[in-house]
Amino acid sequence: MSVQERERETGARERSGGWLRIDLDALKQNYTFLTQQVGSTVTVGAAVKADAYGLGVARIAPALYRAGCRRFFVATVDEGLTLRPLLPDDATICILNGPPAGSEPLLAARNLTPVLNSLSQARRWAAFGRETGTKLPCLLQLDSGMSRFGLSEDDIEALCSEELPTALDITHVMSHLACADDAASPRNEGQRQRFDALRQKLPSPLSPSLAASSGIFLGESFHYDMVRPGYALYGGNPTPALPNPMRPVVTLLGGLVQDRWIEPDTAVGYSARFVATQKTRIATLSVGYADGFHRRAGGFTSAVLPDRPDISLPVVGRISMDCMALDITALGDMDMASGTGFELIGPHRPLDELASALDTIGYELLTSLGKRFYRDYIESSQ
């Protein structure tokens with residue numbers, strides 16, 4: 001660890017019991033890697049919804065813009081309104097959930113582009129365009145088999161019979177894969193074929209988009225004109241059956257509050273879920289479930305001291321609201337200052353491994369990370 005990194009961590013210890021190190025250089029390298037995967041003719045957008053998957057859209061989105069991204073996806077109008085002043089005017093911001101009734105003037109005024117998911121959304125967006133004498137840009141989502149968002153075949157027929165496509169500036173037609181993280185699933189090809197069949201019912205060729213993070217790795221036939229990665233940008237593994245091709249972006253460190261030696265038969269934490277069977281050294285870290293570290297993690301995962309990544313330190317007992325306990329017996333009598341950081345997520349404790357241990361997904365872990373962490377953004381140049 002460099003002197004500069006240690007100085008940053010000292011500042012973090014003065015402010016918070018835990019801190020997130022977010023590597024914007026790795027984020028940008030991941031974006032570049034994904035653009036290389038799909039080639040120069042395919043647009044690579046970025047999903048920055050849910051506050052950029054919990055990592056802070058105010059820093060993440062501008063970094064992605066500097067990496068070359070010009071199309072950003074958020075879920076709600078409020079997220080779009082937050083993002084708009086953070087990016088130059090040439091950045092397109094797409095609202096995945098579409099325009100709520102009555103929001104059409106606000107979206108147009110703030111240069112936000114809706115994804116139209118239903119016939120009613122399309123009708124309202126077209127009607128507002130006619131009222132204002134403009135063909136307003138939008139994306140059109142088709143339901144290719146996920147049964148979540150998108151127009152059905154009947155909706156598409158109604159859309160065309162009402163001549164709505166002529167009243168809309170449809171920049172892309174899109175859908176979403178349900179099983180892209182399972183490359184062997186036949187549903188992926190089935191959805192791709194269904195997507196092709198549905199979009200051919202529209203009156204003119206439109207730029208298609210189907211793949212998000214995992215879909216990019218299903219092959220060229222899934223790339224179309226635009227891909228929309230999210231999780232992979234933040235270091236998550238888009239190919240769960242294979243080694244992670246992405247660079248880690250997030251490191252979560254919990255600060256040491258105190259440590260002690262306990263005798264055999266001594267319990268640790270609520271409900272006495274852990275009872276020492278031998279003399280044991282316990283470290284208390286200032287990270288708990290209020291910070292988004294799941295309560296069920298006790299007994300199922302571990303941490304490491306970054307300077308000794310070869311030694312696994314089990315998380316023991318129940319996770320409390322504001323703290324957790326580690327069994328650090330393997331460190332012996334090593335002297336550690338208050339605030340010493342233990343890695344809970346990072347290069348030595350990958351996000352997806354923690355998610356698997358907790359029977360969840362890395363998306364949930366990232367978006368659960370609380371606001372109490374000191375956040376240290378690393379970027380070598382802007």
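Which right-handed unit do E4, helix H5 and E5 make? Strand E4, helix H5 (residues 77-83) and strand E5 make a right-handed β-α-β unit, where right-handed means that, with the strands pointing away from the viewer, the path from the first strand over the helix to the second runs clockwise.

## Basis of the model

The structure is a predicted model, in which local features need pLDDT of at least 70 and side-chain atom pairs count only at pLDDT 80 or more, while totals for chains, interfaces and linings use all residues. Residues are numbered from 1 along each chain as its sequence is written, and side-chain values use heavy atoms, with hydrogens and water left out.

Helices (H or I, at least four residues) and strands (E, at least two) are DSSP runs numbered from the N terminus, and two strands pair if DSSP finds at least two bridges between them. Strand E4 covers residues 71-74. Two bridges join E4 to strand E3 (residues 46-47), and these two strands run parallel; within this pairing, alanine 46 has phenylalanine 72 of E4 as its bridge partner. Four bridges join E4 to strand E5 (residues 92-95), again in a parallel arrangement, and here arginine 71 stands opposite threonine 92 of E5.

The side chains of E4 point two ways, with Arg71 and Phe73 directed one way and Phe72 and Val74 the other way, and all are buried. Buried means under 20% relative accessible area, exposed means over 50%, and partly exposed lies in between, as found with a 1.4 Å probe on protein chains only.

## Salt bridges

Side chains of opposite charge can pair when their charged atoms come close. A salt bridge is taken here as a side-chain nitrogen of Lys or Arg within 4 Å of a carboxyl oxygen of Asp or Glu, and by this rule the count comes to 15. One of them joins lysine 201 and glutamate 153, at 3.3 Å from N to O. This pair links distant parts of the chain, 48 residues apart, since lysine 201 lies in the loop between helix H9 (186-199) and strand E9 (208-209), and glutamate 153 lies in helix H8 (residues 153-161). Lysine 201 counts as partly exposed because its relative accessibility is 36%, and glutamate 153 counts as partly exposed at 26%.

Glutamate 189 and arginine 192 lie three residues apart in H9, about one turn of the helix, and their closest N and O atoms are 2.8 Å apart. Glutamate 189 is partly exposed at 29% relative accessibility, whereas arginine 192, at 16%, counts as buried. Aspartate 196 and arginine 199 likewise lie three residues apart in H9, with 3.0 Å between the closest N and O atoms of their salt bridge. Aspartate 196 is buried, with a relative accessible area of 15%, and arginine 199 is partly exposed, with 23%. Glu189, Arg192, Asp196 and Arg199 are linked in a network of salt bridges.

## The largest pocket

On a 1 Å grid over the protein atoms alone, a pocket is an open set of points, where a 1.4 Å probe fits, with protein on both sides within 12 Å along at least five of seven lines, and lining residues have an atom within 4 Å of a point. The largest pocket has a volume of about 900 Å³, a volume being the space filled by probe spheres set on the points. Its lining has 40 residues, of which Tyr53, His176, Ala212, Tyr231 and Tyr363 lie nearest its centre. Helix H3 (49-53), helix H10 (351-357) and helix H11 (362-368) are the elements that give two or more residues to this lining.
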